[in-house]
Amino acid sequence: MKKKNLSLCDYLYVDTKKILSVYNQLTGAVVSAGDATYATVNPAESKKKYDFKIFKGDSGSAAQEGQGAQEQVKPHHLLFQELEQELVNQGQLVELSGKKMAEQIQDKEFRKTLKDTFCVKVTGRCVLEHYERMRKISEAFPDIAALINESNKAAVKSTEAYKELVEQIKVREAEIAKIKDRNARNIQQAPLKEQKKKLQDLLENHTKAGVVEPWILDGLRTWIDTFISGIINLRVYPDQEQMAVQVFGHLKQENFFDMDVSAFHFTYGSVPTEEVTMLGIVSSVPNPEDAAFNPHQEFLSGDLSSKEAVERGFRSVFRGFESFEQMVRTCRYPRVLVSPLLVYREMGGGR
């Protein structure tokens, strides 16, 4: 009998601690994990090894007195799959993939249900926003742009059209140099200067890659250092025709299967062409009316004691800073924010 094709998963991100915590709560099993990390000379070759051990205490068993709980070693891939199945079995997982669900996510009544949902799972096209990588690129950007421009300049200079123009200018300069009358020579210089300008314009038009004002690059680095240092966001779009609907979360670098995040960029790209799946704990399902919540409301009355007035001053400053943070967090309706447990690409006939 021909075996049915099974789906295989390329696990890209695993939050081991949270997975174990959730699995413990769902099954009642006591799960421990040995997590060892070793590094070679090249940090990019660092690997993680996981050894999950499951201890299940059964009070109704006929275990002999003094016998310890039985130990079962469970491969981590099996644990991930069992975690998803347990979430489904216990009604703790909502699937948000596809056009129909993208429309549902925008329904305010459905969003109330999502607020009470523990985990969501979504599959779709995604974007990886690695801000430290962007910061590093911004630092090297002027040098990179200069390199590209020099390369373009060299390419233009190697063309036959450019070489022909240069040769024409040289011939014309030699002819003008033979003119003894100064006034006549100056008259002939004018069209030659115009020809040289055209040649220079031709060169500059092909060497203007990456013209960005320095203050923009400086501001970008300051913004990243202040508000989003170390942040890596993954945004998954359930339906490509409804780009405002996103399920996204912050990925911790140490939880990537390959801890060198550059490997993800080179393997899948910042905007992968293939769909990925993210499983995460729901952390924020904002609605437009949520803006009505104002923790500063208690200080709006004019009758305040001196202590309350001082507290209002401090907290007003903090609220101002929080406004900047809200601009960065970008969790607004109809988006859904999660704390990611797993990110993987599923392939094969089992889907």
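Guide: Helix H1 and helix H2 are oblique to each other, because their packing angle is about 50 degrees. H1 covers residues 16-27 and H2 covers residues 76-89. Their axes run 10 Å apart. The crossing of H1 and H2 is left-handed. This is a predicted model.

Now the residues at that contact. H1 contributes Ile19, Leu20, Val22, Tyr23, Leu26 and Thr27. H2 answers with Leu79, Phe80, Glu82, Leu83, Glu86 and Leu87. By class, the contact of H1 with H2 holds nine nonpolar residues, one polar residue and two charged residues.

Helix H5 (residues 131-157) packs on helix H8 (residues 214-227) at about 155 degrees, with the axes 10 Å apart. H5 and H8 are therefore roughly antiparallel, since angles over 145 degrees count as such. Their crossing is left-handed. From H5 come Tyr131, Glu132, Met134, Arg135, Ser138, Glu139, Phe141 and Pro142. From H8 come Leu217, Leu220, Arg221, Ile224 and Asp225. The contact of H5 with H8 has seven nonpolar, one polar and five charged residues.

Helix H6 (residues 160-177) meets helix H7 (residues 182-205) at about 165 degrees, and their axes are 11 Å apart. That angle makes H6 roughly antiparallel to H7. H6 passes H7 in a left-handed crossing. The H6 side of the contact includes Leu165, Val166, Ile169 and Ile176. The H7 side includes Leu192, Leu199, Leu202 and Leu203. Nine nonpolar, four polar and four charged residues form the contact of H6 with H7.

The largest nonpolar core has 29 residues. Within this core, Leu96, Leu234, Val247, Leu251 and Met278 touch the most other members. Strands S1 (8-14), S6 (119-130), S7 (232-237), S9 (276-284) and S10 (336-347) each supply at least two residues of this core, as do helices H3 (99-105) and H4 (108-115). S6 gives the most, with four residues.

Leaving aside residues up to four places away in sequence, Val247 touches Leu96, Val120, Val122, Leu234, Arg235, Val236, Met278, Val336 and Val338. Another core, of 20 residues, lies apart from the largest one. Among its members are Val14, Val31, Phe80 and Leu341. Phe80 also belongs to the H2 side of the contact with H1.

One more residue deserves a look. Tyr344 is found in strand S10. Tyr344 counts as buried because its relative accessible area is 2%, and the cut-off is under 20%. Tyr344 and Tyr11 are 333 residues apart in sequence, yet 4.3 Å apart in space, C-alpha to C-alpha. Tyr344 touches Tyr11, along with Cys9, Asp10, Leu12, Glu84, Lys121, Val276 and Thr277, not counting residues up to four places away in sequence.

Last, the whole chain. There are 10 helices and 10 strands. Of the 351 residues, 32% are buried. Among contacts with a separation of 6 or more, 76% join residues 24 or more positions apart.

Key
Residues numbered from 1 in each chain as written. Predicted model: local features only at pLDDT ≥ 70, side-chain atom pairs only at ≥ 80, totals over all residues. Heavy atoms only, no water. Axes fitted to C-alpha atoms, helices over the stretch in contact; angles between N-to-C directions. Parallel < 35°, antiparallel > 145°, perpendicular 65-115°, else oblique. Left-handed = near helix turned anticlockwise from the far one by under 90°. Contact = heavy atoms within 4.5 Å. Nonpolar A, V, L, I, M, F, W, Y, C, P; charged D, E, K, R; others polar. Core = buried A, V, L, I, M, F, W, Y, C linked by side-chain atoms within 4.5 Å. Buried < 20%, exposed > 50% of the residue type's maximum accessible area, 1.4 Å probe, protein only.
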